[in-house]
Amino acid sequence: MSNLKITLESFIEEACENIRRESAGRPVLCALSGGVDSAVCAVLAHRSVGDKLTCLFVDTGFMRKDEGAQVTALFRDTYAINLIRIDAEERFLAKLTGVTEPERKRKIIGEEFIRVFEEEARKLGDVGCLVQGTIYPDVIESGADGHKPVKAHHNVGGMPLTLDFEAVIEPIRLLYKEEVRECGRKLGLPEAFVNRQPFPGPGLAVRCLGELTKPKLDLLRNADTIFREEIEKVGLHKEIQQYSAILPGIQSVGVRHDERCYEETLVLRAITTQDFVTADYVRLPYELIDTVVKRITSEVPGINRVVYDVTPKPPATVEWE
């Protein structure tokens with residue numbers, strides 16, 4: 001344990017020094033999504049450059065329910081970090097109109113994120129570098145550093161070739177998720193954020209298959225909220241590494257109010273993993289599944305069928321796109 005402590009302290013010190021060196025006394029912009037990866041990077045950057053840091057939270061319209069308010073409250077109120085929140089839902093949906101191919105989705109989202117960051121950097125003036133929360137599984141799956149590509153993470157394979165920033169700093173690029181969590185604890189992040197459910201940068205955009213529309217995203221957002229609420233009620237959120245709902249774009253016949261309906265199918269997925277490179281599905285209690293299905297099909301109009309994904313990784317990945 002003492003060795004781990006020394007290692008973490010050394011890592012934090014080195015990461016902060018690197019941010020200070022790369023930024024060279026100029027203002028720093030940090031891409032903040034609200035997940036543990038970007039949260040750790042934001043705190044590292046704040047520790048490094050103080051008031052010269054501006055965090056940018058881009059609400060793409062692909063976030064989980066109430067996520068924007070939670071992120072804003074933590075970083076503005078608790079850490080007093082300068083935070084700019086951008087409402088970009090219409091912008092991102094417009095860019096993705098008619099797009100259904102998963103890799104193209106990811107790359108469009110990755111490029112649009114960068115363009116928003118560049119625009120805000122120009123408004124702030126003299127911003128030299130961008131800090132973002134890339135971790136090692138992102139690097140592996142995107143095919144960077146000699147690995148075979150699986151899917152383009154928006155912050156690695158989805159990055160555009162030309163950037164307005166002199167440097168992109170990735171302080172936790174070589175860490176796995178659990179190492180990032182330990183780093184967050186050492187930095188004093190609240191446990192609720194340290195243990196926050198992993199959420200992909202593209203958000204619900206890669207959990208809503210096919211073309212993205214606001215009604216479909218709202219449907220998924222509401223169903224996902226119910227699944228997360230019920231997992232937390234029984235205390236399993238402390239044991240499961242990731243759980244989510246997916247809208248695969250499959251409709252089927254059902255019965256609602258004694259009449260025929262033709263509505264969406266929802267997929268539930270819960271996985272256990274050490275490193276997110278391999279994973280197994282969680283054997284959820286039948287009673288829990290029963291409660292979740294009843295709530296979703298009664299409280300979320302438009303979903304009449306719920307199924308559970310029992311595929312490990314590999315051959316599947318954690319996300320569906």
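This is a predicted model: local features need pLDDT of at least 70, side-chain atom pairs count only at pLDDT 80 or more; totals for chains, interfaces and linings use all residues.
Alanine 223 has its place in helix α9.

**Alanine 223 and its surroundings**

With a relative accessible area of 0%, alanine 223 is buried, because residues under 20% are counted in that class. Leaving aside residues up to four places away in sequence, alanine 223 touches Leu266, Ile296, Val300 and Ile303. Alanine 73, by comparison, is 150 residues apart from alanine 223 in sequence, and their C-alpha atoms are 24 Å apart in space.

**Two helix pairs**

Two packed helices are described by the angle between their axes and the distance between the axes. Helix α9 covers residues 214–233 and helix α10 covers residues 286–299; their axes come within 10 Å and cross at roughly 150°. Because angles over 145 degrees count as roughly antiparallel, α9 is roughly antiparallel to α10. The crossing of these helices is right-handed. On the α9 side, the residues that meet α10 are Ala223, Ile226, Phe227, Glu229, Glu230, Ile231 and Lys233, while α10 contributes Leu288, Thr291, Val292, Arg295, Ile296 and Glu299. By class, the contact of α9 with α10 consists of seven nonpolar, one polar and five charged residues.

A second pair is formed by helix α2 (residues 36–49) and helix α7 (residues 177–186), whose axes come within 10 Å and cross at roughly 40°. That angle makes α2 oblique to α7. The crossing of α2 past α7 is left-handed. Val36, Asp37 and Val40 of α2 make the contact with Lys177, Val180, Arg181, Cys183 and Gly184 of α7. The residues of the contact of α2 with α7 divide into four nonpolar, one polar and three charged.

**The largest nonpolar core**

The largest nonpolar core holds 90 residues, and the members that touch the most others are Phe75, Phe117, Leu266, Leu284 and Ile296. Helix α2 supplies the largest share of this core, nine residues.

Phenylalanine 117 lies in helix α5, which spans residues 102–124. Its relative accessibility is 5%, so phenylalanine 117 counts as buried. Apart from residues up to four places away in sequence, phenylalanine 117 touches Leu29, Ala31, Leu56, Val58, Leu130 and Phe165. Cysteine 30 is 87 residues apart from phenylalanine 117 along the chain, yet the C-alpha atoms of the two are separated by 8.9 Å.

**Backbone features**

| Site | Feature | Angle |
|---|---|---|
| Lysine 313 to proline 314 | cis peptide bond | omega near -10° |
| Proline 314 and proline 315 | cis peptide bond | omega about 10° |
| Alanine 24 | positive phi, not a glycine | phi about 50° |
| Aspartate 126 | positive phi, other than glycine | phi near 65° |

Proline 314 is found in the segment after β10 (303–308), and proline 315 also has its place in the segment after β10. Alanine 24 lies in the loop between α1 (2–23) and β1 (28–31). Aspartate 126 is placed in the loop between α5 and β4 (129–131).

Conventions
Residues are numbered from 1 along each chain as its sequence is written. Side-chain values use heavy atoms; hydrogens and water are left out. Axes are lines fitted to C-alpha atoms, for helices over the stretch in contact, and angles run from 0 to 180 degrees between N-to-C directions. Helices (H or I, at least four residues) and strands (E, at least two) are DSSP runs, numbered from the N terminus. Angles under 35 degrees count as roughly parallel, over 145 as roughly antiparallel, 65 to 115 as roughly perpendicular and the rest as oblique. A crossing is left-handed if the near helix is turned anticlockwise from the far one by less than a right angle, and right-handed if clockwise. Contact means heavy atoms within 4.5 Å. Ala, Val, Leu, Ile, Met, Phe, Trp, Tyr, Cys and Pro count as nonpolar, Asp, Glu, Lys and Arg as charged, and the others, Gly among them, as polar. A nonpolar core is a set of buried Ala, Val, Leu, Ile, Met, Phe, Trp, Tyr and Cys residues joined through side-chain atoms within 4.5 Å. Buried means under 20% relative accessible area, exposed over 50%, partly exposed in between (1.4 Å probe, protein chains only).
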